[in-house]
Every structure is written in C-alpha cells, then in structure tokens.
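Thanks for coming. I will take a few minutes to go through one model, and you can follow along on the screen.

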Amino acid sequence: MNARLVIATIAMLLPLAASAETFRCGKWIITPDMTPAELTSKCGPPTTHDSKTEDIKARNRNYGLLIKTGETTTETWTYDRGSQAAPMVVTIVDGRIKSIERLEK
C-alpha cells in the first residue's frame, strides 16, 4: 500500500516538472527538444537576444598550463508574451536549447 502512494505521488508531480520546461506560443508547445530554428518558426524572433562566447580551456598534461581547446556560445532569448503571461527565457548553448524558464515579473 505504501508503494502505491509513492507511485501515485510521483505520477502527480511529473506533469509539474514537465511544465516548468515548456511554454505555449500560439497553438504550439515549446520544449527543450526543439531546435532554435523550430522555436523561431513557431514563435518568431525573441523580444531580446543576448549572446556570449567563452573559451574552453584544459590543463596541458606536460606543463600544467591552461590552453584553449575550443569555444562555447551561450545565447539568451527572452519572449515577452504580453501583460497576461510571464516572459519566458530560453537558454541556448552551442545551438541547442538547454533550458526554458519563466521570468518572474
């Protein structure tokens, strides 16, 4: 009986966890599984768009010095959805959606 209660509780919480990472844009549900191109085609361009590129560094085995091994680009897209809905912030790292968060007003 106790296991049933645990399973029922988890089942009720799963939709809450999923809803934190999605938002509605017109008739579409936006999820992290989409590409930025799909997001733009369904929602249009973001209200604001910030981008930063940072070096990826690793220690050289022989000398222990940090050397540049690549770059990573992080973009932050904000969608203002009007006065009745909180803005949504989409974080894109190296061309893939990593997170979707509701911006508190």
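A disulfide, as I use the word here, is a pair of cysteine sulfur atoms within 2.5 Å. Keep in mind that this is a predicted model.

With that cut-off, a search of the whole structure turns up one disulfide. The partners are C25 and C43, and their sulfur atoms are 2.3 Å apart. C25 belongs to strand β1, residues 23-25, and C43 to helix α2, residues 36-43, so the bond ties together parts that are 18 residues apart in sequence. Are these two cysteines buried or exposed? C25 has 14% relative accessibility and counts as buried. C43, at 17%, counts as buried too.

Now the overall layout. The protein chain has two helices and six strands. Read from the N terminus, the order of elements is α-β-β-α-β-β-β-β. The protein chain has 105 residues, and 23% of them count as buried. Its accessible surface is about 7,800 Å², with 56% of that belonging to carbon and sulfur atoms.

Four strands make an open sheet in the order β3-β4-β5-β6, and the pairing is antiparallel. At the edges are β3, residues 48-59, and β6, each of which pairs on one side only. On average, neighbouring strands are turned by 20 degrees against each other, with direction ignored. Helix α2 packs on this sheet and touches β4, β5 and β6; the direction of α2 makes about 15 degrees with that of β4.

I will go through the pairings one at a time. How many bridges join β3 to β4? There are twelve, and the two strands run antiparallel. T53 stands opposite T73 in β4. These two strands form a hairpin with six residues between them, and G64 in the turn has a positive phi of about 75 degrees.

β4 and β5 are also antiparallel, paired over six bridges. Here E75 stands opposite I92 in β5.

Six bridges join β5 to β6, again antiparallel. In this pair M88 is opposite R102 in β6. The loop between β5 and β6 contains D94. Phi of D94 is near 50 degrees, which is positive although the residue is not glycine. As background, most residues other than glycine have a negative phi. D94 counts as partly exposed, with 47% relative accessibility.

Last, the core. The largest nonpolar core has 13 residues, and those with the most contacts inside it are F23, I30, L39 and V90. At least two residues each come from β1, α2, β4 (66-79), β5 (88-93) and β6 (96-102). The largest share, three residues, is supplied by β5.

Which residues does L39 touch, leaving out those up to four places away in sequence? The list is F23, I30, G44, W77, Y79, V90 and I97.

Terms used. Residues numbered from 1 in each chain as written. Predicted model: local features only at pLDDT ≥ 70, side-chain atom pairs only at ≥ 80, totals over all residues. Heavy atoms only, no water. Buried < 20%, exposed > 50% of the residue type's maximum accessible area, 1.4 Å probe, protein only. Core = buried A, V, L, I, M, F, W, Y, C linked by side-chain atoms within 4.5 Å. Contact = heavy atoms within 4.5 Å. Areas by Shrake-Rupley, 256 points an atom, 1.4 Å probe, with all protein chains shown as cover. Pairing = 2+ DSSP bridges. Axes fitted to C-alpha atoms, helices over the stretch in contact; angles between N-to-C directions.
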